[in-house]
Amino acid sequence: MSIQVIDVSKRFGTFEALHHVSLDIEPGELVALLGPSGSGKTTLLRVIAGLEVPDSGSILFNAQDTTAKRVQDRNVGFVFQHYALFRHMTIFENVAFGLRVRPRALRPSNEAIREKVVKLLKLVQLEWLADRYPHQLSGGQRQRIALARARAIEPKVLLLDEPFGALDAKVRRELRRWLRRLHDEIHLTSVFVTHDQEEAFEVADRIVVVNRGRIEQVGAPGEVYDHPATPFVYQFLGNVNLFEGRISRGIAHVSGRRLAAPEHDGAVDALATAYVRPHDIDVSVQKSDSAVAATVDHAVALGSVVRLELTRHDTGDVVEAEIPRDRYDGLKIVHGQVVYLAPRRARFFLETAAPTSEAA
Amino acid sequence: MAAVLDLPMSVVRPRARRVAGVPVALVGIALAYLTLFLFLPLFAVFFEALRKGWGVYAAAVADADAWAAIRLTLLAAAIAVPANLVFGVAAAWAIAKFDFPGKSVLITLIDLPFSVSPVVSGLIYVLVFGLQGWFGPALADHGVKVIFAVPGIVLATIFVTFPFIARELIPLMQAQGREEEEAAVLLGANAWHLLWRVTLPNVKWGLLYGVILCNARAMGEFGAVSVVSGHVRGLTNTLPLHIEILYNEYQFAGAFACASLLAILALVTLVLKTWVESRVARETVI
Amino acid sequence: MIFARRSHSVLPGFNVALGITLLYLSLIVLIPLSAALFKTFTLTWDAFVAHVTAPRVLASLRLSFGAALIAAAINAVFGLLVAWVLVRYPFPGRRVVDALVDLPFALPTAVAGIALTAIYAPNGWLGKPLLESFDLKVAFTPLGILVALTFIGLPFVVRTVQPVLEDLERELEEAAQSLGASHAQTFARVILPTLAPALLTGFALAFARAVGEYGSVIFIAGNMPMVSEIAPLMIITKLEQYDYAGATSVAVVMLAASFALLLAINLLQWWSRRYAESDA
């Protein structure tokens with residue numbers, strides 16, 4: 001089933017949670033809503049589910065407006081961040097709930113319910129927990145039960161709110177892969193909310209970056225990472241260094257170096273901020289006019305790369321650079337040494353658009 | 001290693017021993033205070049009730065007026081508790097599961113009867129339904145008597161026990177949040193399913209707790225009921241009022257015999273209450 | 001209708017639930033209470049003042065508020081002690097004692113009244129030795145009223161302080177002691193300030209309860225005009241004499257005190273909640 005979000009706005013008091021948001025989700029897609037806390041991503045998910053009614057705009061399932069439809073009749077599978085399992089029911093009864101509350105005419109027989117619940121529990125590999133209560137389960141197990149319960153009503157859409165947020169790192173990675181595999185088998189249109197970019201990149205077909213109630217960018221994970229549409233997306237997806245520069249007719253001048261900036265070929269001598277990933281910075285021990293001097297404060301080896309923390313001499317800003325291990329060993333850098341930095345690759349945003357206060 | 005540990009240990013030990021005398025003294029003072037004000041009165045009720053032997057005790061409890069008083073007490077509680085139960089669930093549902101302006105004012109108003117003197121609680125019903133009151137004359141014309149009759153006693157009992165169940169449920173349901181209900185709605189549950197399969201089972205212990213306390217107060221209320229009762233023996237006397245009459249007539253054995261029934265009710269209440277608390281503690285610990 | 005606006009929710013039953021709540025609240029509490037206020041408004045101000053400042057009424061109000069204040073103070077001190085002992089020292093029978101602390105909530109006031117009278121009467125278990133040894137008469141004097149009010153207010157301080165004390169981290173005391181504070185200093189500077197909101201709330205609740213108390217007091221008080229006659233009894237006496245205006249005047253004074261106390265308790269609870277939140 002496809003989902004269309006059309007021009008949805010939602011306020012809570014004076015807080016604008018969603019500002020004219022529009023989004024298309026294809027049938028069978030697995031989409032991540034990625035953003036910092038308070039960005040409106042959970043509100044968007046709840047609006048799609050029907051748990052919140054938008055102030056304006058509409059939600060279409062398969063091109064049909066759902067606005068007038070009761071939540072009970074929408075057939076949406078929803079997995080809550082803290083699972084919201086019914087604490088006084090066994091795991092079996094939790095999964096069976098959606099079938100037991102159907103109107104009598106549509107309710108399956110007890111036999112059919114049992115069969116179906118057992119099948120779902122097998123799917124999440126937890127059939128041996130059927131008679132336990134939620135509080136007797138681990139977080140990861142509860143998460144899988146919450147998913148089984150949502151699947152019991154054969155939803156056309158599956159929505160997950162921070163599905164791995166409350167789990168520890170190891171369980172989280174396992175569940176991520178498991179969810180991806182499950183989705184590849186069944187291809188149920190799914191949307192999940194996360195603030196963890198790694199999670200979004202690993203699991204989702206497409207990523208929707210949300211910030212301050214607006215969608216900043218929609219795209220495949222690689223596309224969003226390589227071509228961030230806005231300064232926010234650039235900063236949100238990984239560490240970034242900011243360099244001041246000027247752009248004239250598609251050529252940027254940053255700390256004495258010239259870099260191509262074809263997206264700004266209309267600009268004439270405009271102030272611009274260069275967003276540079278740590279691994280796009282050249283580090284050299286040779287003094288050069290086309291590089292800025294900086295002192296090494298800190299060096300951390302992270303597997304095959306070494307992360308350097310440096311202080312620029314001209315601005316006093318802290319810069320983070322990542323260089324390969326062999327290069328680091330070859331340069332023989334020591335703590336307190338002065339080195340020279342130059343951005344190798346950068347993405348430029350003209351001064352009016354760039355937030356200067358958050359220089360990293 | 002042992003040498004290093006020895007030094008601080010030897011410094012701490014004598015101090016710990018010196019302090020050990022304090023708890024014993026504090027426990028002693030606390031128990032003396034509780035004995036003076038709690039255990040002794042409780043013991044006195046049963047002692048006085050049985051002072052003249054079982055025969056007198058049985059006769060006092062089996063007395064026709066005593067039975068009429070017991071029946072009226074049970075009737076008042078049987079109306080007040082369910083009425084406040086329905087109200088408590090409704091109020092807690094509205095307050096805990098929804099946001100609306102004026103919510104904290106509403107919570108304060110629900111607590112109001114707790115801080116009103118029982119005598120004043122009785123008086124306000126006299127002012128509404130008494131012959132000098134707003135509706136009294138009109139009701140009297142239709143032959144309806146509220147004050148100095150059973151309806152007044154029931155109303156006064158409802159008033160003084162009004163907040164018990166609501167104030168147990170409101171914080172409990174607020175703490176539980178809305179997610180389970182939202183999950184149920186998404187799975188297709190209607191209002192009836194929500195109430196009976198999700199919300200009430202989740203608050204059953206808090207509900208029981210409130211009912212137990214509400215019932216104890218309903219059966220034991222004295223001041224408010226005293227004002228609206230009229231003290232007609234066998235007709236408008238609840239058990240606490242019956243005790244007062246016997247006591248004022250110097251029938252001490254009979255008064256304490258009836259009092260012992262209410263004291264037993266109080267003890268049963270405390271046992272049930274403790275049991276519920278331990279159930280709740282166990283369920284939240286696991 | 002200030003209650004009518006609300007944010008949308010998918011959960012059903014809001015209107016029905018709020019409707020029942022407001023209707024029931026109005027019928028049982030608000031309308032009857034306003035009746036008392038309206039009744040007072042039918043009096044002239046002078047008449048109201050005359051009713052309330054009659055010497056016998058003044059004496060009864062002074063007695064009710066004064067005795068309630070002292071009883072609440074006694075309970076603040078000993079209630080704190082009992083809570084402390086129950087939380088900190090596992091002595092045998094603690095669970096039974098813990099459960100029995102709520103007895104004054106569960107025991108009907110009339111029963112408490114006659115039991116206390118039996119104990120403290122001149123021929124009672126404690127009344128007799130007190131009278132013979134110290135020439136101290138408890139029952140049928142204001143002292144007896146104090147005993148009854150202490151009894152009925154006993155659980156309040158214990159039950160408000162106890163949970164706070166249970167949550168109080170031992171580390172806080174250990175930190176104070178590691179910084180060189182003595183036991184007394186730790187208690188006065190670390191523990192007491194943390195407990196203060198709960199202690200004050202318990203005190204206010206015990207006071208509020210004691211001011212209006214009737215059942216447990218009238219048996220032990222002796223009810224002598226100007227000496228041991230409490231304000232609630234004053235209301236009943238006036239009612240029995242069909243002096244509705246007089247009864248209502250006294251009641252309104254007591255209601256005003258109730259509202260003031262309710263407000264104070266709400267503020268205290270808000271304060272202690274804020275305390276707890278800034279802790280976390």
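Analyst: **Chain B and its interfaces**

Among the contacts in chain B between residues at least 6 apart in sequence, 73% join residues at least 24 apart; contact here means heavy atoms within 4.5 Å. Please keep in mind that this is a predicted model, in which local features need pLDDT of at least 70 and side-chain atom pairs count only at pLDDT 80 or more, while totals for chains, interfaces and linings use all residues. Residues are numbered from 1 along each chain as its sequence is written, chains are lettered from A and ligands numbered from 1 in the order in which they are written, and side-chain values use heavy atoms, leaving out hydrogens and water.

Chain B has 14 helices and zero strands (DSSP runs numbered from the N terminus, helices being H or I of at least four residues and strands E of at least two). Its C-alpha trace spans about 95 × 65 × 30 Å along the principal axes. The radius of gyration of chain B is 25 Å, whereas a compact globule of 286 residues would have one near 19 Å; the radius is taken over C-alpha atoms, and the globule rule is 2.2 Å times the number of residues to the power 0.38. Even so, 54% of the 286 residues of chain B count as buried (under 20% relative accessible area, with exposed over 50% and partly exposed in between, using a 1.4 Å probe and protein chains only).

Now to the side facing chain C. Here 85 residues of chain C are in contact with 87 residues of chain B. The area buried between the two is about 7,700 Å², with carbon and sulfur atoms giving 82% of it; buried area is the accessible area (1.4 Å probe) that two parts lose on being put together, summed over both. Leu11(C), Tyr24(C) and Trp125(C) supply 9% of the area that chain C buries against chain B, more than any other three residues.

On the side of chain C that touches chain B, helix α1 (residues 14–41) of chain C gives the most, with 19 residues. By class, that side divides into 65 nonpolar, 15 polar and five charged residues (Ala, Val, Leu, Ile, Met, Phe, Trp, Tyr, Cys and Pro are nonpolar, Asp, Glu, Lys and Arg charged, and the others, Gly among them, polar).

Chain A is the other partner to look at. 23 residues of chain A are in contact with 18 residues of chain B, and the area buried there is about 2,000 Å², of which carbon and sulfur atoms give 62%. This interface has two salt bridges, and Glu182(B) and Arg46(A) meet in a salt bridge at 2.7 Å, N to O. Five residue pairs are in polar contact across it, both at pLDDT 80 or more. α1 (41–49), β6 (76–79), α2 (91–100) and α4 (139–151) of chain A each supply at least two residues of the side that touches chain B. The largest share, three residues, comes from α2(A). That side of chain A has 14 nonpolar, five polar and four charged residues.

How values were computed: Salt bridge = Lys/Arg side-chain N within 4 Å of Asp/Glu carboxyl O. Polar contact = N/O pair within 3.5 Å; in protein donor to acceptor, adjacent residues only side chain to side chain.
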